[in-house]
Amino acid sequence: MPAKNNSPSQAAWENFTEELKKLGDKLMGPTGARGARERAEGFRYLIRLIGAAQELEFETDRQRPSLHRMFTPTRKFIAEGTDTLYHEAKLDPERSYGMTVRRGDDLFFSVVVYAEDEDGDKLIVDDLNDEGIVFDEQDGARIAKIQLSAKRPDGAKNWLKLEGRRPFVLTRQYFPEFVTEVDAGKYRPAIMTIENLDEHTAPPEHDEEQFARGVDRMVAFMNETLDSALGISAFVGLNTIEYERTDTSPTRIGSDGNLVLDDGSHEEYSPDELAEMVDPRVVANNLPGPGIGYVGAQFKLAEDEAILIEGKDVPCRYWSAQVLTKFLESGDYRHHRVAINNRQVEVDDDGAFRIYASETDPGVRNWMSTQGYRRGQIVLRTLLAEEDMNAELSVVKIAEIPERDRAERKR
């Protein structure tokens, strides 16, 4: 038998395979998968994380960055929106970058710089959205030049500050429909590039040390992402809606990423019990963009039941409701109507709406699919809302849905 290869790359690979097993064990732990469907989807989720980690972490080059699409219809994590395109690039705080944006057909466009402080906690460093970005008209297109650096360059129309540890830039583009419609050509996405403005050379030859560092980044990313998914799910699970439950107040995560406990919703849990469930940093370390708010709950559903979301339309750029899995993945929007937004929902004359979620459409005006999940999560997302979205979430029997909500859809 040949002697074992103890080279750095072999050691890194063996460590990677060992870490994959640990991730699987964590997925099967107390806060992890429940039942056969969640186990199958959980391990598929880990495979998806491997793909994301390879592109977003292993291949990262802060000297020569490029914007990578974070989520696709088959690669999803951390509650991505079904109507939103996200792109990210890893940067170096000691360098200067130039970004060019040719805007598409989005409803909203933003660029946010995130980083870590000395304790490893994530923070928003700076941000711009379409209301503050200066676009120039060129041959009928709206084009913006954005500079990213530690200090604002003279004459820069658009600038984002770079500071902190391991900064990265994240863009968001919201659309009126699922991003599958963007991929199909119905809407134009932004055309974006980013480049290092400082002097730099071609990348060096990929060696064993570089391989080992890349594998370490993959492992860290996968652990952090799984911890966040399970941890946030545990927090959201504090508000579980099911048939005949009287408390319908949702879990709210503010635009600063912190969990906001609604008064009276958590009296049965002590602060010590909450702390034992999960480190609260997993919520704060997954900051949404500025101006984005969330409310949501975990649900338990029988075959003859539906989730009911009751609320009132609020002035905002966008809002939506969508179903998420245990692992904070969006539903399969390639084949199911797993979300509905404020451009699709029908409201009463006073702005009130009622949205139902169930396995099959019971013939209501506003419906989205649960894909047959008996347990999962449901979330409402608001963007630049002028007031909080005050919604109530409950579970009702499909047979008891009032006739007014069974009216023929206008669309």
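Select helix α4 (residues 208-236), the element with the largest share of the lining of the second largest pocket, 3 residues. Helices here are DSSP runs of H or I, at least four residues, numbered from the N terminus. The model is predicted, with local features needing pLDDT of at least 70 and side-chain atom pairs pLDDT 80 or more, while totals for chains, interfaces and linings use all residues. Residues are numbered from 1 along each chain, and side-chain values use heavy atoms, without hydrogens and water.

Next, show T60, D61, Q210, R213 and R217, the closest to the pocket centre of 16 lining residues. A pocket is an open set of points on a 1 Å grid where a 1.4 Å probe fits, with protein on both sides within 12 Å along at least five of seven lines; lining residues have an atom within 4 Å of a point. The space is about 400 Å³, a volume filled by probe spheres set on the points. Colour the lining by class: 3 nonpolar, 3 polar and 10 charged (Asp, Glu, Lys and Arg are charged; Ala, Val, Leu, Ile, Met, Phe, Trp, Tyr, Cys and Pro nonpolar; the others polar).

α1 and α4 pack at about 5°, axes 9 Å apart (lines fitted to C-alpha atoms over the stretch in contact, with angles from 0 to 180 degrees between N-to-C directions). That makes α1 roughly parallel to α4 (under 35 degrees). Their contact residues divide into 15 nonpolar, 3 polar and 5 charged.

Finally, select L20, L23, G24 and L27 in α1, which meet G42, F43, L46 and I50 in α2 (heavy atoms within 4.5 Å).

Terms used: Helix = DSSP H or I, 4+ residues; strand = E, 2+ residues; numbered from the N terminus. Parallel < 35°, antiparallel > 145°, perpendicular 65-115°, else oblique.
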